[in-house]
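Me: I would like to learn how to read a protein model, one feature at a time. Can we begin with strands and how they pair?

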Amino acid sequence: MKTESTNEHNSSGSGVMSNDLIKALIDNYRQNQMNAINEAMGIDDAHSIWFDLPKLKDFISLIEQEARAVNPECTQEDLGIRFYYAAYPKIEDWEIMDSHPVPQEYSERHTLVMIPTMKRENAEGETLHYDFNSLHNEGKSVALNALKSTKPSNLGENSGTLIPPSPSINESY
């Protein structure tokens, strides 16, 4: 079974992977981490999350705009996105979701929060990718918001379509 990534052979860095490698990695997650979560918590946790392409493009555009506002010399190569694993609260704590309406059936399931990063040097002169938050003084962060528009007043939200509870009939893996 050929499972190696073709990324190192692709000068564009497109992230092309073989279907066998993708399946192997997803199966590893489902057989290990997801099973452990489901058994320990007694839930049917989400195994994937879907974001529509226009929302992702808008998010990337917003990152570029915010980065240029902070540092006009910033280039595309200076930017990235860090994916944080996250989990929605229990139903009894759902009030923390009031500013970010998502279905309550997402309760206790994992999700992703995507936060922009920008390269900068640390005190030792090493270049690192730091989370950057141009809205820090407002108590909000730039994060992907798949349910609402990405206007600055709505920053700091995340969600996509979790599967489950949404049906997985359209998934290949």
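Reply: Two strands pair if DSSP finds at least two bridges between them. Helices (H or I, at least four residues) and strands (E, at least two) are DSSP runs, numbered from the N terminus. This is a predicted model, in which local features need pLDDT of at least 70 and side-chain atom pairs count only at pLDDT 80 or more, while totals for chains, interfaces and linings use all residues. Residues are numbered from 1 along each chain as its sequence is written, and side-chain values use heavy atoms, with hydrogens and water left out.

Me: How many bridges join E3 to strand E4?

Reply: Five bridges join E3 to E4, residues 127-131, and the two run antiparallel. Within this pairing, Arg120 stands opposite Leu128 in E4. The hairpin of E3 and E4 has five residues between its strands, and Gly125 there takes a positive phi near 85 degrees.

Me: How many bridges pair E2 and E3?

Reply: E2 and E3 pair over nine bridges, in the antiparallel sense.

Me: How many residues of E3 are buried?

Reply: Buried means under 20% relative accessible area, exposed over 50%, and partly exposed in between, using a 1.4 Å probe and protein chains only. In E3, nine of the 12 residues are buried, so the strand is largely enclosed by the rest of the structure. For the other end of the scale, take Ser172, which lies in the segment after strand E5 (161-163). Ser172 counts as exposed because its relative accessibility is 69%. Ser172 and Asn19 are 153 residues apart in sequence, yet 9.8 Å apart in space from C-alpha to C-alpha.

Me: Is Asn38 buried or exposed?

Reply: Asn38 is buried because its relative accessible area is 15%. Asn38 has its place in helix H1, residues 19-41. Leaving aside neighbours within four places in sequence, Asn38 is in contact with Ile43, Asp44 and Asp45.

Me: Which residues make up the largest nonpolar core?

Reply: A nonpolar core is a set of buried Ala, Val, Leu, Ile, Met, Phe, Trp, Tyr and Cys residues joined through side-chain atoms within 4.5 Å. The largest one has nine residues: Phe51, Phe59, Ile63, Ala67, Cys74, Leu79, Met114, Met118 and Phe132. Helix H2 (53-70) and strand E3 (110-121) each supply at least two residues of this core, and the largest share, three residues, comes from H2. Not counting residues up to four places away in sequence, Ala67 touches Cys74, Leu79, Met118 and Phe132. A second, separate core has seven residues, among them Ala46, Tyr88, Val102 and Tyr106.

Me: How many aromatic pairs are there?

Reply: Rings of Phe, Tyr and Trp (its six-membered ring) pair if their centres lie within 6.5 Å; planes under 30 degrees apart count as stacked, over 60 as edge-to-face and the rest as tilted. The count here comes to two pairs. The ring centres of Tyr88 and Trp94 are 6.3 Å apart with planes at 45 degrees, so this pair is tilted. The ring centres of Tyr88 and Tyr106 are 5.7 Å apart with planes at 45 degrees, so this pair is tilted. Tyr88 and Tyr106 are 18 residues apart, each in the loop between E2 (79-87) and E3. Tyr88, Trp94 and Tyr106 form one aromatic cluster.

Me: Which ring does the charged end of Arg120 sit over?

Reply: A charge sits over a ring if NZ of Lys or CZ of Arg is within 6 Å of the ring centre and within 35 degrees of the ring normal. The charged end of Arg120 sits over the ring of Tyr130, 3.9 Å from its centre.

Definitions and conventions:
Contact = heavy atoms within 4.5 Å.
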